[in-house]
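Biologist: Please take me through this structure feature by feature, giving the general idea before each case.

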Amino acid sequence: MDDDLLAERDEERALLLAVAAGDRDAFTRLHQRFRPLVERYVRHQLVDPWQAEEVVQDVFLELWQIADRFDPAHTAIAWIRTIAHRRAIDRVRKSRADRDRDRRIGARDTELVDHASVERAESVLDRVALHRAVAALPGRQREAVVLRHLVGMSGPELAERLGVPVGTAKTRARDGVVALRRVLVP
């Protein structure tokens, strides 16, 4: 069995040396033989399958480009795995650097807003708009809305105060609220 393993390693060295000489068929055989190994290794390092696929392609591109640097004193599998490891680590570092840069840029571009101040300002503007809208109501409706909704009188109390039947008092208050909604709610 050791003889078989040694023969296999010699064949892999020969493939890489042929690739270094520019043999495209040897590269195809090398690719077919080592792609599953490189994919498993890279996918173990990278979570994102799309990035892993890109790294696998980068590994084989680099193998084609630098095959002449292969030292046949070593095994092809160790050399290929080293390249795959380097490429995967580079991608992890790049992803981390991209994330950190995005956070820094995001933090730099984030405007600090005092939401309490904004809410207070909006509340003041809402009150001013409400005051104007109430002031624009006809007198009877304005009086009914103010007493019913701002003072908090019940229907019978409102009717007594206005000197009208309860139904009339409630109708004036309701009509006033409807008119306010038309003005305040676009």
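Predicted model: local features only at pLDDT ≥ 70, side-chain atom pairs only at ≥ 80, totals over all residues.

**Reading the model**

Biologist: Where does L184 lie, and is L184 buried or exposed, or in between?

Modeller: Helices (H or I, at least four residues) and strands (E, at least two) are DSSP runs numbered from the N terminus. L184 belongs to helix 8, residues 166-184. Buried means under 20% relative accessible area, exposed over 50%, and partly exposed in between (1.4 Å probe, protein chains only). L184 counts as partly exposed because its relative accessibility is 36%.

Biologist: How many helices and strands does the protein chain have?

Modeller: There are 8 helices and 0 strands; read from the N terminus, the elements run α-α-α-α-α-α-α-α. Of the 186 residues in the protein chain, 29% are buried. The protein chain exposes about 12900 Å², with 53% of this area supplied by carbon and sulfur atoms; accessible areas come from the Shrake-Rupley method with a 1.4 Å probe, and for residues only the protein chains shown count as cover.

Biologist: What share of the contacts in the protein chain with a separation of 6 or more comes from residues 24 or more positions apart?

Modeller: A contact means heavy atoms within 4.5 Å. Residues 24 or more positions apart account for 57% of those contacts with a separation of 6 or more.

Biologist: How is a nonpolar core to be read, and which residues have the most contacts inside the largest one?

Modeller: A nonpolar core is a set of buried Ala, Val, Leu, Ile, Met, Phe, Trp, Tyr and Cys residues joined through side-chain atoms within 4.5 Å. The largest here has 26 residues, and L30, V38, V42, L63 and W79 have the most contacts inside it. Helix 1, helix 2, helix 3 (49-66) and helix 4 each give two or more residues to this core. A second, separate core has 9 residues, among them L158, V164, A169 and A173. Leaving aside residues up to four places away in sequence, V42 touches A52, V55, V56 and A84.

Biologist: Are the arginines R35 and R91 buried or exposed?

Modeller: R35, in helix 2, counts as buried because its relative accessibility is 18%. Beyond residues up to four places away in sequence, R35 touches L30, E53, V56 and F60. R91 lies in helix 4, residues 76-109, and counts as buried because its relative accessibility is 16%.

Biologist: How many salt bridges does the count give?

Modeller: Side chains of opposite charge can pair when their charged atoms come close. The rule requires a side-chain nitrogen of Lys or Arg within 4 Å of a carboxyl oxygen of Asp or Glu, and the count comes to 18 salt bridges. One of them joins R33 and E8 at 3.7 Å, N to O. This pair links distant parts of the chain, with R33 in helix 2 (residues 24-45) and E8 in helix 1 (residues 2-20), 25 residues apart. R33 is partly exposed at 28%, and E8 is partly exposed at 34% relative accessible area.

Biologist: Which residues are linked with R33 and E8 in a network of salt bridges?

Modeller: The network links E8, R9, E11, E12 and R33. Within it, E12 and R9 meet at 3.0 Å, N to O. Being 3 residues apart in helix 1, E12 and R9 are separated by about one helical turn, and both are buried. In helix 4, D98 and R101 are likewise 3 residues apart, about one turn of the helix, and form a salt bridge whose closest N and O atoms are 3.1 Å apart. D98 is partly exposed at 24% relative accessible area, as is R101 at 36%.

Biologist: How many aromatic pairs does a search of the whole structure find?

Modeller: A pair of aromatic rings is described by the distance of the centres and the angle of the planes. Rings of Phe, Tyr and Trp (its six-membered ring) pair if their centres lie within 6.5 Å; planes under 30 degrees apart count as stacked, over 60 as edge-to-face and the rest as tilted. The search finds 3 aromatic pairs. F27 and F60 form an edge-to-face pair, 6.5 Å centre to centre with 80° between the planes. F27 lies in helix 2 and F60 in helix 3, so the pair ties together parts 33 residues apart in sequence. Both F27 and F60 are buried, and ring pairs link F27, F60 and W64 into a cluster.

Note on methods:
Residues numbered from 1 in each chain as written. Heavy atoms only, no water.
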